[in-house]
Amino acid sequence: MAEPFKLVLSGGSSNQKAEVMRKIRAAAADKGYTVLLVPSAEMLLEQGGLTPKVYAQKRDNQSNLLHLQLELERSFLRAAQDMTADKALLLCECGALDFGADLPEQEYLQLLQTMGLHRLELRDQYDAVFLLDSSDTPHIAAWTGHPHLRMLGGNFGIDMQLLSAELAVLLGGPKPVEIERKFLVEYPDPVWLEHLSPSRSVSITQVYLNAQPKEERRIRQRSADGASLYYKTIKQTLDGMKRTEIEHRISEKEYHALLNEADSSRCPIQKNRTYFFFQRQYFELDIYPFWTDRAILELELSSEHESVHLPEGLRLIREVTGDPHYKNAALAKGGFSDCR
């Protein structure tokens, strides 16, 4: 079977979470998924009498919760991999980063260090994360930086129409369809960028591999805070804003081996990507070392008809969605990077 899809529901009330879970389970079943519900470690421990008040320090409670949550997810993942079903969805009532949302950042990072864990690896192990409460700043900040993070909660509760659209994109298969808008903006004011909150940045190195026409093969290294993850991606262009994308994690050894298949006509692309929310939409701001006057702003949409609210503080030059000159594959041919 294909590798199970891991989806996290973060924040929100128990009633909201139950409502969203029902919707997801029904939609996934219609698409042929076997759905496994991974319970919250916090709920299980509290049912057994281990409430936060029994711990001397909040950090001890969070450590115990994180240990149990990770073990639960590993157990469900092993079970899913052993099933005969063609497709499986692990629907997690919460995710690993939720247990650090109420701790000061440095204390949380120290906790992870003592456990031999890293935030980048914990965050990006999930395929998608849905935020259920737009006012829950700690949980929003905890997950900002995830490649596929969506805000479902709003002023009037859960946006069920948005949820349906997101599920259609994520589970519609057989290959996920990516709908993007891309904008060329003036180089951001460093002060604006520094005070952008919550936000999270990663350093990306992207290498293009030899590929067939209308196909893009690439490998990517994502790094933050001294840790790195590696990915292989295959994209195929359909039309307009739509492309199919298949991406999976690879090891550092596989990454270096695939460098032998690098397209010699393209240079490696390096960029710093900053993730942030504006009016519930999740943006990616890419800053390249070869530009001092401009940057690229992107966001994924659930529908081609979804409107875009450009962030305040950024000056738009023009939209470049579909413009081949501003694709990373084209920039890699433009002589902006040093291939040596």
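E19, V20, K23, I24, A27 and A28 of helix 1 meet M160, L163, S164, L167 and L171 of helix 7, where contact means heavy atoms within 4.5 Å. These contact residues divide into eight nonpolar, one polar and two charged. In this division Ala, Val, Leu, Ile, Met, Phe, Trp, Tyr, Cys and Pro count as nonpolar, Asp, Glu, Lys and Arg as charged, and the others, Gly among them, as polar.

The model is predicted, so local features need pLDDT of at least 70 and side-chain atom pairs count only at pLDDT 80 or more, while totals for chains, interfaces and linings use all residues. Residues are numbered from 1 along each chain as its sequence is written, and side-chain values use heavy atoms, with hydrogens and water left out.

**Helix 1 and helix 7**

Helix 1 covers residues 14-30 and helix 7 covers residues 160-171; they pack at an angle of about 35°, with their axes 11 Å apart. Helices (H or I, at least four residues) and strands (E, at least two) are DSSP runs, numbered from the N terminus. The axes are lines fitted to C-alpha atoms, for helices over the stretch in contact, and angles run from 0 to 180 degrees between N-to-C directions.

L167 has its place in helix 7. It is buried, with a relative accessible area of 4%; buried means under 20% relative accessible area, exposed over 50%, and partly exposed in between (1.4 Å probe, protein chains only). Leaving aside neighbours within four places in sequence, L167 is in contact with K23, I24, A27, F130 and G172. The C-alpha atoms of L167 and A27 are separated by 7.3 Å, although these residues are 140 apart along the chain.

In soluble globular proteins, nonpolar side chains tend to be buried together. A nonpolar core here is a set of buried Ala, Val, Leu, Ile, Met, Phe, Trp, Tyr and Cys residues joined through side-chain atoms within 4.5 Å. The largest one has 42 residues, of which L66, L122 and W143 touch the most other members. Helix 3 (residues 58-82) gives the most to this core, with five residues. Another core, of 21 residues, lies apart from it and includes F5, I24, L91 and F130.

Beyond its neighbours within four places in sequence, L122 is in contact with L66, L70, A96, L97, Y108, L112 and L117. Helix 4 (residues 105-114) has Y108, L111 and L112 as its buried residues. Seen down the axis of helix 4, these fall within an arc of 95°, so they line one face of the helix; the arc is that of the directions from the helix axis to the C-beta atoms. Q106, Q113 and T114 are exposed on the other side of helix 4. Just after this helix, G116 takes a positive phi of about 70°.

Q69 has its place in helix 3 and counts as buried at 0% relative accessibility. Leaving aside neighbours within four places in sequence, Q69 is in contact with V38, P39, S40, A41, C94 and F99.

L299 lies in strand 15 (residues 294-301) and counts as buried at 1% relative accessibility. Not counting residues up to four places away in sequence, L299 touches I179, E180, R181, F183, Q281, Y282, F283 and V308.

**Loops and backbone geometry**

Q279 lies in the loop between strand 13 (269-278) and strand 14 (281-287), and R280 has its place in the loop between these strands as well. Q279 has a positive phi of about 50° although it is not a glycine. Phi of R280 is near 70°, again positive in a residue other than glycine. The peptide bond from S197 to P198 is cis, with omega near -10°. P198 is found in the loop between helix 8 (190-194) and strand 9 (199-209). P324 has its place in the loop between strand 16 (316-319) and helix 10 (328-331).

| Residue | Relative accessibility and class |
|---|---|
| Q279 | 48%, partly exposed |
| R280 | 35%, partly exposed |
| P324 | 48%, partly exposed |

The C-alpha atoms of P324 and Y255, 69 residues apart along the chain, are separated by 26 Å.
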